[in-house]
Amino acid sequence: MTVPKNNMKIKVYLGDLVYDSFKTTYVVPLNIGYIAAYLDHLFPGHFDFKLFKVPTELERSLQENPPDLLALSHYSWNSKLDQHFLEFSKSIKPKTITVLGGPHVRSSPADLKKFLIQNPYLDYVIPFAGEIPMGNLFKNLLAGEQKSAAQGCATLIEDKFVYTQIDISKDPKKLDIPSPYLSGWLDSFIKSSNMIPIFETNRGCPYGCIYCTWGISTLNQIRIRNLDLCLQEFDYVAKNSAGQPHWIIADGNFGLLKRDLEIAKHLRKVMDKNARPLKVNVYGSKNTTERNVKISELLGDVFSNLIAIQSADPKVLKLSGRGSIKFSKLVDQINHFKNKGLEVRTDILLGLPGEDAQSHLNTIFKAFDLGFDSVPPLEIRLLPGTEYESDAYREKYKIVTKFRPILGAYGVYGGKTVFELDESVRATKDMSEK
């Protein structure tokens, strides 16, 4: 990329792409909203940002007015779609700088290098939170550097792998990022009735479930956003949105912090004042039953009455990284919902380490004994970046997998058919597929 002269702004496209092959609801692209708000705060007036959710809109913009830089969020449900648009973008404007950011990649230096080599249309990959690495990259761009070693961004410079990871353990516990809602970056999305508003009041997870990227070592420090900003965001979206009946709190463990009760009280006021949203979904904390109960009483069916036990076997829970989750606390929460006459659901995972056929059956029996009304056994999706997907774990537990298409994750873009696949556990050394 050549840095524009004569005070021209650097054109940046940010995408959180979803397949749009059939009409459905999508989540507001909060992630790229954070990136735009943060970078615009750091470098006001230097960059021209445009945000995308729909692939066909990005395709048209790439053809009509290609950017200087294209950055896309990278998840299991849009990985191939991202790769298609990286190639498509480079075919139109080869000097466009391309960036992928998100958890759908193994994060060791060797694996990041391999990922870059396997994706020749990709210039940078950011495996963890993107705001600070993107800030470092954009600072170098403004300095006129064509290919730079920006901290937090993995890249290849003359075939040499360059990557310095950012140690967020040294950062303060407060997450000081401008609000993408209050700064207006997400206005066009919240005004669309098929976009579900999503909010984040803290980031990180203290647990270390081996099949999940939420609590991996670099992310397990809880960092909180300014409380007043969070509450203002609820008010802003309620006032300026299309009146969507459904909102989502994206925190990994809502109810973990004492202040979450204050947040729930404010949400209740917003719901009563505006008659919207009708429902707020959250991911409940595992060991804070009393607070979860109070939040549920304030907001109604806020947790969807889902209490995921995954397994009832202590050995399996320990091997899976869930040993710190107190099973007795979950039982108290189950009893609360049952006493209220509410249906209670759980999730059970098939193929956990150390789980054999008998311990799996014991978990199902235990789930019935506890009074769950819905007990679905679910397959584990192996996600790059998790411990369970690593070569070491695959070998240790003799994991056998199969692939299947992801429902709705397909489309034709630029004349090419693009689709996503899940890799699911089908057998381990402890349990055969049969």
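This is a predicted model: local features need pLDDT of at least 70, side-chain atom pairs count only at pLDDT 80 or more; totals for chains, interfaces and linings use all residues.

Residues are numbered from 1 along each chain as its sequence is written, and side-chain values use heavy atoms, with hydrogens and water left out.

**The sheet**
- An open sheet is formed by 7 strands in the order β3-β1-β4-β5-β6-β7-β8, with mixed pairing.
- Strands (E, at least two residues) and helices (H or I, at least four) are DSSP runs numbered from the N terminus, and two strands pair if DSSP finds at least two bridges between them.
- β3 (47-52) and β8 (160-162) are at the edges with a single partner strand each, so one side of each has no neighbour in the sheet.
- On average, neighbouring strands of this sheet are turned by 20 degrees against each other, direction ignored.

**Pairs of strands**
- β4 (residues 69-73) and β5 (residues 97-101) run parallel and are joined by 5 bridges.
- β6 and β7 run antiparallel, joined by 2 bridges, and V125 stands opposite A154 in β7.
- β7 and β8 are also antiparallel, pairing over 3 bridges, and here T155 stands opposite V162 in β8.
- The hairpin formed by β7 and β8 has 2 residues between the strands, and E158 in the turn has a positive phi of about 55 degrees.

**Helices on the sheet**
- Helix α5 (residues 131-142) lies across β1 (10-15), β3, β4, β5 and β6, and runs at about 175 degrees to β4.
- Contact here means heavy atoms within 4.5 Å, while axes are lines fitted to C-alpha atoms (for helices over the stretch in contact), with angles from 0 to 180 degrees between N-to-C directions.

**The second largest pocket**
- Its volume is about 650 Å³, meaning the space filled by probe spheres set on grid points, which are joined across faces, edges and corners.
- A pocket is an open set of points on a 1 Å grid over the protein atoms alone, where a 1.4 Å probe fits, with protein on both sides within 12 Å along at least five of seven lines; lining residues have an atom within 4 Å of a point.
- Of the 23 lining residues, S79, K80, H104, P384 and E389 are the closest to the centre of the second largest pocket.
- β18 gives the most to this lining, with 5 residues.
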